[in-house]
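Visitor: Please show me the structure, and then I will ask about a few of its parts.

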Amino acid sequence: MTPADAANPLLAPSLLPYGLPDYTAIRPEHYLPAFEEAFARHLDEIRAITADPDPATFANTMVPLEASGALLHDIAATFYTVSSADATPAIQEIEETLAPLMAAHTDAIQLDAALYRRIQDVHAKLDSLDLSAEDRYLVERHYREMTQAGAGLDATQKERLTALNGRLSTLTTTFEKNLLNDTNDLAVVFDDASELEGLGAGELSAAARAATERGLEGKWLISLPLFTGHPLLGSLRRRDARARIMAASRARGSRDNAYDNRPVLLEIVRLRAERATLLGFASHAAYITSDETAGTPEAVQDLLFRLAVPAARNAHRERAALQRMADAEPAPFDIAAHDWAYYTERVRASEHDIDAAALRPWFEAERVLQDGVFRAATLLYGITFVERPDIPGYHDDVRVFEVFNEDGSALGLYLLDLYTRDSKRGGAWMNSIVSQSRLRGTAPVVVNNLNVSKPSGDLPTLLTMDEVTTFFHEFGHALHGLFATVTYPHFAGTNVFRDFVEFPSQVNEMWMLWPEVLTRYARHLDTDEPLPAEVIDKLHASEAFNQGFATSEYLAASWLDQAWHRLGADEAAADIDVTAFEAAALAEIGLDDPAVPTRYSSTYFAHVFSGGYSAGYYSYIWSEVLDADTVEWFRANGGLTRANGDRFRDRLLGVGGSKDPLEAFRDFRGQDADIEPLLARRGLTG
C-alpha cells in the first residue's frame, strides 16, 4: 500500500460503530483511488479461486467467492449512498467516471470463464453434496446469475456484451444526472405568496426557505417530486398555479436542452434490446422476467390488462364527479390533469367529510417517527431505537439510531434522511451501507431517504397522509434490511427478486392506520388531541376513494415500462418518436386519459432508465397481491401481536434472499396468495 493509500480513509476499517463509514473524513478525491485498489484486490481474490489446482468444491469455490470483494462492496455502498442523496458536482463527476469502470469490473467477474467452469462443476454434482439449504441455494443462484449474465458466451460475444454493459452504465448515469439538473432547473418560482393560496404556514415557509437557498430572497420556490403530480396540487386554489407546476413536472427531460433525456433513453432501449438478443432472449422484458417470480413478460401483461379495464372504468366515474364540481364554478372548465388532485379533495370532503390538508397538524414528522413508525415495529417485533447524535452521517440532516432486539442485544443502525435538497434525487428509498453476513461478521446499517420539504426556523415539519404512507413503506424496506439474517452476502437484506422486494414494505404500510399505532402518533400539534374517532372511521371508509386514478396512473407507467422493454432489437433500432410511442402504448391498454397522466413519463422515469426497475416497475402491483393477502392474514390472526411479528420476521423477513421468495411466502402464509384481497382494496371487483 502506498503512502497515499494509507491516508485514504476508505482503505482502512471504519472505527465507527457497526462499520459505518466516517463520512467526516472522506473527501471526493478519496473515492476513485479507493475503487481502483478495491478492483485490483477483488480480481486477485478471484484469480486465487480459479488458480486452485484442486477440483472445484463448495468450500474452495463458493465460500471464497462470497468472501471476495468485501472492500469493493464497502466502498461502493459508501459512495452510492452519497451519490443518490447528496450528489454535489464533484460526486456527479466521479459517478460519471466510475460508471463504465464498475460495469467493466462486474463483467470481468461475471463473465470469467474459469470461475464459471468451477461453479458449473459444483452445480453439476449438487445432489451428491451434503449442503445446507442456504448453501445449496447459493450454488443455484450463482450458476443461474452467471449463465444469465452471459458467462457461457464465446469470446467475441463477450467482447460485445462488455461494450454494451459499459455504454449502458454511462447512459443510465447520464439519465439520472440530466433528470436531477432539469428537475432543479424547472422548480417553479412564485413572486407573491397570494399565488400559493391554500397552502399552510409550514408549506409557505418551506417554499420561502427553498427560494432563499437558491438566492431568490423574497420569493417562493416549489421544487418537483419524482412523479408527475405534486403533493401541493390538492391544496392550491389557483388553477394557474396548479397548471404551472404540472407543466414544469411533465416537461422534465424533454425540452431540447442540455438535459434532454429523449436521446439517452432511446439509446438505452436500443442497447438493452440488443443485449437481450445476444443473451438469447426476445426482448429485455423477457430477459428480466425470466429470473423473477413472474417468469415471463406475458404473465406481467396479463395481470396489467386484467387490472387496467376496471381501473380505467373507475377513473372515468371519478372524473365525472370532479367534472360536476368544475361545472358548478363561476367559470366552468373541463377537468385537466392539474385539476384532479384539487377537486378530488373537494369531492372527498363532500362525500366522506375529510379534508386531507386539514389533517396535517395531526402528522408532525417527529411524532410520526417515534410514536408511529418506531412504535409499530416495537409492538410487532420488540425492537427499540436509541438516537446516536455522537455518530455522524453523510449529511447534517441525517439522523442515526441504534436498533436493539427485545432481549437488549444490538441489531444494527438505522439512518434517516428526511428532507429534500437540490443534491438529492427525487423519490424515496432504502439502501444498505453495511449488509449483515455471518461469513463477514457484519451487522446491518440501513438508510431511509424521503424528500419532505424542510420548514424555516423552528416551525414543525407536518406531513401529508401520502408522506406518512411513504414513511411506513420505506421503513418496511429498512426492517427487511435489518432483520435478514444470513451467512452469505449474496443473500443479505433486500437482495431478493425485484418483483418480491416491495412486498414487505407494502405490508408495513398497514400499521399506519392500525388503532394501537394511529392513536399514539396522530395527535394534534397544538392540543395533543388524538385524531377524532369519526375521522378515523371516515379514513377507513374512504380507503378505496380515488383508487381509479391511483391505479390507472400506476398501471400506465408499468405498461409504459413494459412497452419500451418488450421491443425486439430491430424494433428498438427504428426511428422512434418518444411522445408518439407513449401515446400508442397507453392507448393499447386503454389508459390514455389526458386527465390521468402516467405516474412517470419516459423522460423522467428514473425507476427504469437509471434505477433497478427496468422491465420491473410492475413489481409494486405484483407484490401487492402478496401484500393484500398478508394483511388479511394479520387481521384474521390478531393483528399487531408479538407472535405474529415473530412469525413474519422468522419465516419471511429474516431469510433475506436465502430461499426462493414464493417458498418463503408459503412458509409464512401456509398457502399461495389470493388476488381477491387486492381487487377489493383497489375497488376493482365491481
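The questions below concern a predicted model.

Visitor: How far does helix 2 reach from its first C-alpha to its last?
Guide: Helix 2 spans residues 31-50, which makes 20 residues. At 1.5 Å a residue the expected reach is 28 Å. The model comes close to that, at 29 Å.

Visitor: What arc around the axis do the buried residues of helix 2 cover?
Guide: The buried residues of helix 2 are Tyr31, Ala34, Phe35, Ala38, Phe39, His42, Ile46 and Ile49. They lie on the same side of helix 2, because the arc they cover around the axis is only 140°.

Visitor: Which exposed residues does the face of helix 2 turned away from its buried side carry?
Guide: The buried side has cover that includes helix 3, helix 4, helix 5 and helix 6. The face turned away from that side carries the exposed residues Glu36 and Ala48.

Visitor: Is Leu271 buried or exposed?
Guide: Leu271 is found in helix 11, residues 262-278. Leaving out residues up to four places away in sequence, Leu271 touches Arg160, Leu164, Arg167, Leu168 and Leu171. Its relative accessible area is 4%, and the cut-off is under 20%, so Leu271 is buried.

Visitor: How many Å apart in space are Ala243 and His338, C-alpha to C-alpha?
Guide: Ala243 is found in helix 10 and is partly exposed, with a relative accessible area of 27%. In sequence, Ala243 and His338 are 95 residues apart. In space, C-alpha to C-alpha, the separation is 5.5 Å.

Note on methods: Residues numbered from 1 in each chain as written. Predicted model: local features only at pLDDT ≥ 70, side-chain atom pairs only at ≥ 80, totals over all residues. Heavy atoms only, no water. Helix = DSSP H or I, 4+ residues; strand = E, 2+ residues; numbered from the N terminus. Expected span 1.5 Å × (residues − 1). Buried < 20%, exposed > 50% of the residue type's maximum accessible area, 1.4 Å probe, protein only. Arc of directions from axis to C-beta. Contact = heavy atoms within 4.5 Å.
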